[in-house]
Amino acid sequence: MKSNKLYLILLYLSLSAACKAHEAIDLSGRWSVKLNGTSSSIELPGTTDEACLGTPNKLAPKLEKPQILHLTRNYSFIGIAEYTRDIDIPREMAHKPLRITLERVLWKSKVSIDHRPIAGEETSLTTPHVHVLPQGLPKGKHTLTLHIDNTCQHDISFNFFAHAYTNETQVMWNGVLGKMTLEAIPTTDITEVKAYPDIHTGNVTAAITIENHGAKRTRQTIGFHINGKPVEKVKVTLEPGTNKLSHTIGIPHPKLWDEFNPHLYKLSLTTGESHREVTFGMREIKADSLLSVNGRKIFLRGTLECCVFPLTGTPPLEKAGWEKVFGTAREWGLNHLRFHSWCPPEAAFAVADSLGFYLQVELPVWSLKIGDDDSVKTFLKEEFDRISACYGNHPSLCLMSVGNELQHDFDWLNRMVAYMKKNDPRRIYTTTSFTFQNEHGRHPDPQDDFFVTQWTDHGWVRGQGVFDTEAPAFDRDYATAMKDIRKPLISHEIGQYCVYPAISEIGKYTGTLNPLNFKAIKADLESKGLIGSADRFTQASGQFAAKLYKEEIERALKTKGFSGFQLLGLQDFPGQGTAIVGLVDAFWDSKGIIPSEEFRQFNAPVVPLARFAKAVYSTQESFQAGIHIANYYRESLKNAPIVWKLCDGNRIIRQGRIETGDIPQGEVTEIGKVDIPLTEVKRACKLKFEVALSGTPWHNSWDIWAFPPIGNLEYGDVIVTADPDTARQALGEGHKVLLSPSPKVINGLESKFLPVFWSPVHFPKQACGMGILCDPTHPALAEFPTDNHSDWQWWRLTKNAVTMNLDSIPQSHTLVSVIDNFANNRRLGYIIEGKSGKGKLVVSSIDLLSPSTGMEGKQLLQSLINYMKGKNFIPKGEITSKDVNRLIGNNVARPHTSATSIYE
């Protein structure tokens with residue numbers, strides 16, 4: 001008898017479980033789809049791009065617009081697509097209210113049942129589309145149709161650049177992504193739970209919304225669980241319709257959430273047949289003069305995430321895709337991502353929560369006329385409410401901006417931020433991530449909790465504005481620019497140093513996007529005989545960019561009161577004119593330019609810093625440096641002495657140790673100074689200064705260059721001149737000639753130290769180069785210390801130079817090249833050689849005969865002269881008299897660009 005009872009109980013439980021399993025229907029699978037009257041089939045979740053539906057691409061790879069602007073969709077569809085399939089409503093779901101949830105849709109969705117539309121539409125770009133059938137459906141088969149409209153519904157974007165709706169990175173896809181479900185709605189339905197943690201009391205307050213779909217008041221019990229363990233049961237009375245409740249739960253000895261200890265809690269609520277679970281962390285972020293999390297000062301080491309997913313053109317809805325993003329970011333030392341003009345899906349927040357990342361999310365807007373359109377204002381307000389409801393519990397959602405580089409109505413922006421703060425105080429807010437609107441972009445607005453900018457009333461806070469105009473100095477910071485700033489300042493989109501596109505990357509594009517831009521660059525290089533140099537272009541320009549990123553980051557870290565930076569970017573951005581600015585590619589894979597562990601030397605919770613005056617020294621000088629520690633670790637550092645050394649290759653010139661007391665958390669602390677005479681350095685060389693905290697993983701290093709004094713140069717049988725007539729005569733007599741004219745008379749292009757900013761297509765009003773390329777082992781450079789790429793010892797040389805266009809001197813051999821931008825791919829250079837008439841010629845467009853190039857110029861000149869005097873001077877190329885005539889003009893006028901010229 002007992003066994004029969006047990007059997008009946010087990011049967012009942014299994015039938016109950018089966019019934020509950022039928023309360024939801026998974027809508028993923030094969031659907032029919034109609035586009036512009038043409039029917040086909042498609043797998044959902046998915047997109048028409050993935051199904052190869054829509055208008056096929058007919059563009060060929062060419063260095064012209066639109067191909068060079070961004071990756072190209074293989075198939076493009078913008079319009080209304082109708083997706084249809086049959087569904088079978090089981091008896092258990094019949095006539096119950098139903099809810100259809102589509103996790104991510106681009107712009108607008110409507111639903112029809114049995115070819116009859118149900119009321120309402122959804123227009124969110126960032127949160128699930130939810131459609132409700134209040135009366136439910138009869139048992140049996142029905143036809144379900146989704147009407148997805150991916151045409152622009154609101155004017156949210158300048159040139160369709162906002163990453164929530166664009167073809168620059170994410171594409172304007174049509175379809176459904178993520179979870180697709182049809183579920184029965186229980187009579188009492190927990191629709192929303194917002195968790196408000198209080199780290200000071202150890203409590204979490206749950207703000208609960210319950211819909212009572214019954215006609216009468218009902219008495220219910222809500223069961224609360226923390227991490228699966230029951231903690232409380234609370235009886236409540238629910239009126240028909242919407243019920244707003246609040247309940248506070250104590251968590252004994254709570255563990256706090258931050259980047260070092262990303263501890264998570266799961267809060268579960270159950271009442272009747274309704275169950276809802278949310279993840280939260282015991283976390284408090286505050287913005288006083290600095291940012292703090294749980295009372296500990298933080299420094300944001302961030303990069304932008306611009307919805308760059310080049311295999312699909314859509315963001316991943318599964319954790320695995322985001323584990324690649326955040327895992328790589330963590331590997332490179334980051335603790336912060338800014339989602340530029342879009343909000344990611346649930347999976348991104350879940351992964352960020354688990355790894356302790358601080359996220360900045362933005363409403364989907366990048367507008368120069370914000371506040372003009374009432375429908376846009378309503379949409380953005382509603383979109384904020386949806387983001388708060390869907391993702392607001394995630395502790396990783398720490399910062400929020402209304403949008404990117406917004407302009408126009410700042411009164412409305414301030415009111416919008418006030419609304420956001422009032423309705424969800426769990427994070428901090430700002431009106432815009434920088435603005436070019438002068439009366440606002442240089443100082444915080446009244447409602448800003450934090451301030452994202454590239455400059456202030458007192459100057460730049462990123463290297464773009466100073467690295468090309470100020471001689472290299474490593475004792476600088478942004479203290480002057482920070483004057484009068486009373487809110488936490490985060491530097492906006494620092495870097496943007498263009499790296500030559502990696503042609504070898506083309507084979508990785510196996511999905512919905514065609515890299516016609518990369519293919520066009522490859523074809524152009526092939527037609528000009530330069531394809532063999534493509535990898536060297538990438539590596540040399542990338543190494544140069546890495547050097548600049550290092551100084552960008554360290555200058556920010558050296559600044560007391562600075563709250564962080566947002567790189568643009570660690571990852572390539574294949575849109576907006578093909579902006580290849582990353583040290584990892586669009587797939588978040590390393591380009592092999594710099595190891596991630598080397599990048600972490602200067603991008604970590606603790607970074608040793610050195611303040612020294614310049615990059616280039618005479619060996620009669622001393623190298624003087626102040627050693628500082630930026631400590632944004634979880635605690636103060638105790639008993640961690642500093643060890644340092646100055647090396648010439650493997651030879652240690654001098655080394656030492658500095659004992660330290662406590663190195664406080666959240667501070668930039670001066671530890672001590674070194675003063676190292678360079679008199680024992682006997683040759684021109686690159687030296688390395690290394691600093692480490694003994695017994696820790698934290699260390700850093702810097703290169704400097706030392707040059708022995710040079711008296712009068714011995715030219716020997718080499719004619720050295722700035723005068724082309726003297727050069728022609730000497731060449732006619734069979735002499736060896738080094739011609740270094742004044743830059744004023746050279747027909748050429750503007751020379752700058754910094755590489756192309758962002759993209760030569762997006763910003764065409766800038767100098768052309770992307771750094772030098774040379775062979776350091778060539779005898780012409782034997783006495784001038786250099787790698788194959790630009791570095792700080794080239795600053796004064798390139799600033800006193802003209803870039804020669806060598807397409808007009810095709811037979812010359814280049815000793816020091818300039819990497820041209822990928823939109824032109826010209827042969828450019830600073831130093832060339834070749835036979836010339838009866839003689840041999842070296843031409844330098846660097847002004848080597850002027851004191852303006854300093855000891856670096858004299859050292860390079862000596863290296864060239866000694867090469868020309870020796871037996872190895874057998875020029876490979878040819879430079880004719882006509883070539884020299886084409887090169888030399890008379891007071892040549894050429895454009896001069898500044899850091900802000902790109903915006904003009």
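Predicted model: local features only at pLDDT ≥ 70, side-chain atom pairs only at ≥ 80, totals over all residues.
## Basis of the model

Local features require pLDDT of at least 70 and side-chain atom pairs pLDDT 80 or more, while totals for chains, interfaces and linings use all residues. Residues are numbered from 1 along each chain as its sequence is written, and side-chain values use heavy atoms, without hydrogens and water.

## Overall form

The protein contains 13 helices and 51 strands; these are DSSP runs, with helices (H or I) of at least four residues and strands (E) of at least two, numbered from the N terminus. Of its 904 residues, 59% are buried, that is, under 20% relative accessible area with a 1.4 Å probe, counting protein chains only. Along the principal axes, the C-alpha atoms fill a box of roughly 115 × 70 × 60 Å.

## Cavities

A cavity is a set of points on a 1 Å grid, over the protein atoms alone, where a 1.4 Å probe fits but cannot get out; lining residues have an atom within 4 Å of a point. Grid points are joined across faces, edges and corners, and a volume is the space filled by probe spheres set on the points. There are five cavities of 30 Å³ or more.

The largest cavity holds about 100 Å³ of space. It is lined by 16 residues, of which Lys-752, Gly-769, Gly-771, Val-818 and Tyr-830 are the closest to its centre. Strand β47 (residues 769-774) gives the largest share of this lining, four residues.

The second largest cavity holds about 60 Å³. Its lining includes Phe-410, His-440, Asp-445 and Phe-451.

Conventions:
1 Å grid on protein atoms, 1.4 Å probe; cavity = no way out; pocket = protein on both sides within 12 Å on 5 of 7 lines; lining within 4 Å. Buried < 20%, exposed > 50% of the residue type's maximum accessible area, 1.4 Å probe, protein only.
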